[in-house]
Amino acid sequence: MELFQAKDHYILQQGERALWCSRRDGGLQLRPATDLLLAWNPICLGLVEGVIGKIQLHSDLPWWLILIRQKALVGKLPGDHEVCKVTKIAVLSLSEMDPQDLELELCKKHHFGINKPEKIIPSPDDSKFLLKTFTHIKSNVSAPNKKKVKESKEKERLERRLLEELLKMFMDSESFYFSVTYDLTNSVQRQSAGEDDGRPLWQKVDDRFFWNKHMIKDLTAIVSRCGLLDHPHHPRFCAD
């Protein structure tokens with residue numbers, strides 16, 4: 001799945017569909033892949049394995065988009081269903097600041113002969129929207145207001161601490177597994193006893209083990225409205 005950075009959106013594209021993630025308000029849109037032509041100066045940042053979801057850990061902080069940067073195949077079930085473990089994630093702030101170096105696998109289609117993705121060149125009126133990457137955030141307060149400076153620094157510390165905990169949770173625990181084609185939350189007996197009613201996988205799973213259900217609720221709502229419940233070409237998301 002290709003990840004693009006544009007002026008107002010991050011765009012995840014796979015096949016005929018693309019997921020547009022707003023950098024203004026965190027909103028999600030499912031659009032045709034050809035709409036990439038309408039984005040302002042899209043730059044391919046690299047490849048990701050899937051979408052875990054989006055999360056806002058504090059009302060004063062922006063939404064974060066959590067992506068699978070790297071996975072490990074741990075086995076195959078009968079029917080050739082792959083079971084994978086999340087080994088590395090990437091976190092994108094759905095805001096106007098530039099992303100940190102995500103260390104993504106480069107897309108051969110867009111990065112042929114290039115070692116690193118190029119940076120977006122801002123238009124003259126966009127300089128006010130470009131901020132430092134998260135790892136180099138510094139307060140930029142125009143007026144010498146001590147209260148605002150203190151609040152800004154506290155906010156930065158909170159965001160950094162929450163992000164570190166989030167990364168540690170996914171990358172150190174080694175306990176987040178998923179399958180794109182198989183329900184890992186129900187036993188084989190329960191699945192055999194159930195009828196195939198045509199519902200998508202994420203509607204059949206046991207909510208007790210649907211660990212990212214809250215994080216992808218906006219995405220599942222969009223998929224339901226668009227009638228693309230099991231469409232093979234919309235951006236994959238993890239539901240187990």
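1. A charge counts as sitting over a ring if NZ of Lys or CZ of Arg is within 6 Å of the ring centre and within 35 degrees of the ring normal. R31 meets this rule, with its charged end over the ring of W20, 3.7 Å from the centre. K54 lies over the face of W63, at 4.6 Å from the ring centre.

2. On the basis of these notes: this is a predicted model, in which local features need pLDDT of at least 70, side-chain atom pairs count only at pLDDT 80 or more, and totals for chains, interfaces and linings use all residues. Residues are numbered from 1 along each chain as its sequence is written, and side-chain values use heavy atoms, with hydrogens and water left out.

3. Overall layout. The chain has four helices and nine strands, where helices (H or I, at least four residues) and strands (E, at least two) are DSSP runs numbered from the N terminus. Their order from the N terminus is β-β-β-β-β-β-β-β-α-β-α-α-α.

4. Of the 240 residues, 41% count as buried; buried means under 20% relative accessible area, exposed over 50%, and partly exposed in between (1.4 Å probe, protein chains only). A contact means heavy atoms within 4.5 Å. Among contacts in the chain with a separation of 6 or more, 59% are between residues 24 or more positions apart.

5. Surroundings of W63. This residue is found in the loop between β6 (50–55) and β7 (64–77), and with a relative accessible area of 27% W63 is partly exposed. Leaving aside neighbours within four places in sequence, the contacts of W63 include D25, G26, K54 and L92. W63 and L92 are 29 residues apart along the chain, and their C-alpha atoms are separated by 8.6 Å.

6. Salt bridges. The count comes to 12, a salt bridge being a side-chain nitrogen of Lys or Arg within 4 Å of a carboxyl oxygen of Asp or Glu. One of them joins D8 and R24, whose closest N and O atoms are 2.8 Å apart. D8 lies in the loop between β1 (2–5) and β2 (9–14) and R24 in the loop between β3 (17–22) and β4 (28–32), so the pair ties together parts 16 residues apart in sequence. D8, R24 and E96 are linked in a network of salt bridges.

7. Two further bridges. K71 pairs with E49, the closest N and O atoms being 3.6 Å apart. This pair links distant parts of the chain, with K71 in strand β7 and E49 in the loop between β5 (43–47) and β6, 22 residues apart. K85 pairs with E174 at 3.8 Å between the closest N and O atoms. K85 lies in strand β8 (residues 81–93) and E174 in the loop between α1 (146–172) and β9, so this bridge ties together parts 89 residues apart in sequence. K85 counts as buried, at 16% relative accessibility.

8. Nonpolar surface patch. V74, Y177 and L184 form a nonpolar patch with about 240 Å² of accessible area together. Patches are made of residues with over 30% relative accessible area and no salt bridge; like charges are joined within 9 Å, and nonpolar side chains (Val, Leu, Ile, Met, Phe, Trp, Tyr) within 5 Å. Accessible areas come from the Shrake-Rupley method with a 1.4 Å probe, and for residues only the protein chains shown count as cover. Y177 lies in strand β9 (residues 177–178) and counts as partly exposed at 35% relative accessibility.
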